[in-house]
Amino acid sequence: MSAADDQIHPAVSIRDVAKTWTPEGRPPVHALRNLSLDVMPGEFVVLLGPSGCGKSTLLYMIAGLEGASGGSIEQDGIPVTQPSAERGLIFQDASLFPWLTIADNVAFGLSVRGVPVTERRAVAADMLRSVGLGDMLDKKPDELSGGMRQRAACARALAMRPKVLMMDEPFAALDVQTRSKMQDFLLQIWRDSGASVILVTHSIDEAISLADRVVVFTARPGRVKTIVPIDLPRPRPSRDPRYHEYRDLFTELLADEVDRAFAEQEAV
Ligand SMILES: Nc1ncnc2c1ncn2[C@@H]1O[C@H](COP(=O)(O)OP(=O)(O)OP(=O)(O)O)[C@@H](O)[C@H]1O
């Protein structure tokens, strides 16, 4: 076996990606330009950047929901051309089907995949138990709290055994206590599943609490400004002086980019 065979290959490889949106009757929007990033198997990566710098756009492209205008995105060395169950995406609002029970929501993707009904019910029950919703199987989404709905959305994504789990500001709508509990819960399912996680947030604290590496974006068109590994053991109490150093660093990095984004808006 050669040394090259021993290398760990990225779970997701993004090379020189660009994305220009061309809304009808309006000038094109250059959302991303020359963006390159590798996400390793089992890694927890957080994307942090000013509003409008293309973080969600990048997740949609990795998910295969949007094509790139340039560059390439690969998962396990294979170009991403369409959505795949190997790449799950969770949004801020959980986006469960309101007319289905929680169990049927979780089983839905498995039914599309042709998994027999008894098996998918068993998997759904298992997944919901693992996220602490074992006694909620027959409830509808509007009977659950926001945090419970997000856990159900996690169970739905995890039921497909994704290799990459993407989350777009998943906890932004939750109160502070629920958010903190959900972060603990997410770290637990991340460890258990072995999946790579790519999470978008506006919260510096969330980034420091969760990430192996934080990718800071420039203002639009978004590129990687810098990547900061978080070299702290988990859990990461905010009273740790090193935590404060990271917070100061990210505050400074973001302030520069937010200023640039405002300056650009004023120039338009
Ligand atoms: N479907 C679309 N059509 C046209 N323009 C779009 C579309 N989706 C996003 N954009 C534009 O692309 C840019 C990047 O948007 P995106 O939502 O990816 O940014 P973001 O970094 O996730 O922002 P936020 O942090 O505010 O959610 C924005 O200017 C946005 O208006």
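The end C-alpha atoms of residues 12–244 lie 30 Å apart. Helices (H or I, at least four residues) and strands (E, at least two) are DSSP runs, numbered from the N terminus. The model is predicted: local features need pLDDT of at least 70, side-chain atom pairs count only at pLDDT 80 or more, and totals for chains, interfaces and linings use all residues. Residues are numbered from 1 along each chain as its sequence is written. An unreviewed UniProt entry annotates residues 12–244 as "domain: ABC transporter"; such annotations may be inferred rather than shown by experiment.

The ligand is surrounded by 13 residues, each with its C-beta atom, placed from the backbone, within 6 Å of the molecule. The closest are Trp21, Ser51, Lys55, Ser56 and Thr57. Two or more shell residues come from each of β2 (29–39) and α2 (55–63). The largest share, 3 residues, is from α2. By class, the shell holds 5 nonpolar, 6 polar and 2 charged residues. Ala, Val, Leu, Ile, Met, Phe, Trp, Tyr, Cys and Pro count as nonpolar, Asp, Glu, Lys and Arg as charged, and the others, Gly among them, as polar.

Helices α3 (residues 102–112) and α4 (residues 117–130) pack at about 125°, with axes 8 Å apart. Axes are lines fitted to C-alpha atoms over the stretch in contact, and angles run from 0 to 180 degrees between N-to-C directions. Contact residues (C-beta atoms, placed from the backbone, within 7 Å) include Val106 and Leu110 of α3 and Val123 and Met127 of α4. The contact comprises 10 nonpolar, 1 polar and 2 charged residues.

Note on methods
Contact = placed C-beta atoms within 7 Å.
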